[in-house]
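Please keep the sequence and the structure in view while reading.

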Amino acid sequence: MKWKRVIGQSHAKDILIASIRSQHIAHAYCFWGPEGVGKDALALEFARVLNCQEPIETADSIEACDHCRSCLQMNTLQHPNLQLIFSLPATNRVGSNSDESPLLRLSDDQISLIQEQLILKAHNPYHNITIPNATQIRIASIRDVRRSLQLAAPVHHGWRVVIISEADAMTTEAANAFLKTLEEPHQRTTLILTSSRRDLLPETIRSRCQHIHCGTLSEDDIASALIERESLAPDRARIIAALAHGSYARALELANSTEDEDALAEIVLNFLRTLLKPSRYRNELAKLIEQRFAAVDRQHLRVYLRMLEAWLHDANRLVMIGDRANDYLVFQHGAASSAIRRFIAHYPHARLDKAICAIEDAIEAIESNAQIPLTLLTLAVRLRRAIGSTPTKT
Ligand SMILES: [Zn+2]
């Protein structure tokens with residue numbers, strides 16, 4: 001695999017590799033696409049290869065050597081040619097000079113928190129830098145970029161790379177200041193904006209960038225990365241990959257959460273069992289929704305629904321192609337897996353495609369802030385209709 005630190009994204013890699021080989025580096029890029037698919041990881045690897053002192057050229061790629069001084073500095077995000085900009089907390093410190101570096105205004109605690117986060121990011125480029133109350137990229141950060149671009153030239157004959165992570169978090173003033181930076185010529189410098197909400201960037205900035213799309217990752221790519229990088233067991237990696245919806249950052253969150261997937265599966269299967277009860281299911285269902293789901297946050301609820309969706313997808317695959325589906329199933333072992341086989345024996349006439357559609361609609365409703373109990377009740381009615389509430393006697 002080319003640029004193996006970056007999962008998937010072969011199309012984006014090919015464009016960047018070609019631009020390095022032809023030395024046609026754009027003045028500014030916008031790496032855009034959903035959250036957690038590796039936009040920052042791609043930008044960091046691009047910076048690493050651009051600055052590597054002994055790059056390895058192959059027939060179809062150019063790779064960082066991973067041992068020269070530049071590569072070692074890039075590995076710790078401490079390279080003089082690299083500047084990584086992200087949201088910082090607001091400060092109310094009075095008397096501070098608006099021209100000074102934004103870091104100087106932060107408290108010691110905040111600085112050490114940022115250092116911790118940068119170590120995590122250096123160790124794992126898929127780590128989301130999270131600092132309390134840091135929701136905006138302010139003008140002071142952009143002024144800092146302008147100042148450093150004006151002061152010095154790139155070192156070691158390399159390329160200066162400025163990465164503005166989640167650039168749509170720039171305030172209006174910051175965006176205006178950034179626009180000026182975009183308009184000034186700088187030698188051997190490339191500015192990379194990453195964004196999962198590109199529409200929020202001003203058109204004046206967007207139109208000056210070369211856009212590179214980073215799409216969602218395949219379940220296979222996510223599962224392999226979880227096995228290789230996080231040493232997850234294949235069974236667990238497959239289930240988490242199915243729940244992550246193409247985002248490796250999301251997969252990491254799930255892998256590190258305390259909730260185990262068997263318990264999760266049991267919760268959603270209990271929901272399914274309850275709504276499929278032949279009679280008097282409504283009271284029980286209402287109680288279950290209230291006790292189990294009403295207080296759950298939306299992100300969690302989405303995981304539950306994706307779990308149910310993955311499970312029904314498995315059922316559908318088994319119905320369609322029988323045991324040939326075995327290697328492609330998300331749930332290959334354990335209680336959830338045997339429940340699938342019992343389910344398809346009990347409900348041979350279930351319209352699983354319709355059931356899956358109903359779940360997708362419910363996920364969409366949850367994401368657009370619909371009321372949780374109502375969404376789940378609507379889903380239950382649709383699932384009951386699609387699957388059939390009276391099991392066939394077997
Ligand atoms: Zn190197």
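Helices (H or I, at least four residues) and strands (E, at least two) are DSSP runs, numbered from the N terminus. The structure is a predicted model, in which local features need pLDDT of at least 70 and side-chain atom pairs count only at pLDDT 80 or more, while totals for chains, interfaces and linings use all residues. Residues are numbered from 1 along each chain as its sequence is written.

The domain assignment, which is automatic or taken from a database, gives domain 1 (10-215) and domain 2 (258-387). Between the C-alpha centres of the two domains lie 41 Å.

Five strands form an open sheet with parallel pairing, in the order S4-S5-S6-S1-S7. Two strands pair if DSSP finds at least two bridges between them. Strands S4 and S7 are at the edges with a single partner strand each, so one side of each has no neighbour in the sheet. From one strand to the next, the twist averages 20°. S1 and S7 are joined in the parallel sense by four bridges, and Cys-30 has His-211 in S7 as its bridge partner. Helix H5 packs on the sheet and touches S4, S5 and S6. Its direction makes about 170° with that of S4, where axes are lines fitted to C-alpha atoms, for helices over the stretch in contact, and angles run from 0 to 180 degrees between N-to-C directions.

The residue ranges of some of these elements are as follows.

| Element | Residues |
|---|---|
| Strand S1 | residues 28-32 |
| Strand S4 | residues 82-85 |
| Strand S7 | residues 210-213 |
| Helix H5 | residues 139-151 |

Helix H12 (residues 281-293) has 13 residues and should span 18 Å at 1.5 Å a residue, which agrees with the 17 Å between its end C-alpha atoms. The expected span is 1.5 Å times one less than the number of residues. A residue is buried if 20 or more other C-beta atoms, placed from the backbone, lie within 10 Å of its own, exposed if 12 or fewer, and partly exposed in between. In H12, Leu-285, Leu-288 and Ile-289 are buried. Seen down the axis of H12, the buried residues fall within an arc of 100° and so line one face; the arc is that of the directions from the helix axis to the C-beta atoms. Their cover includes helix H11 (261-275) and helix H16 (372-387), with contact meaning C-beta atoms, placed from the backbone, within 7 Å.

The face of H12 turned away from the buried side carries exposed residues, among them Lys-287. The C-alpha atom of Lys-287 is separated by 54 Å from that of Leu-16, 271 residues apart along the chain.

Methods. Two residues are in contact if their C-beta atoms, placed from the backbone, lie within 7 Å.
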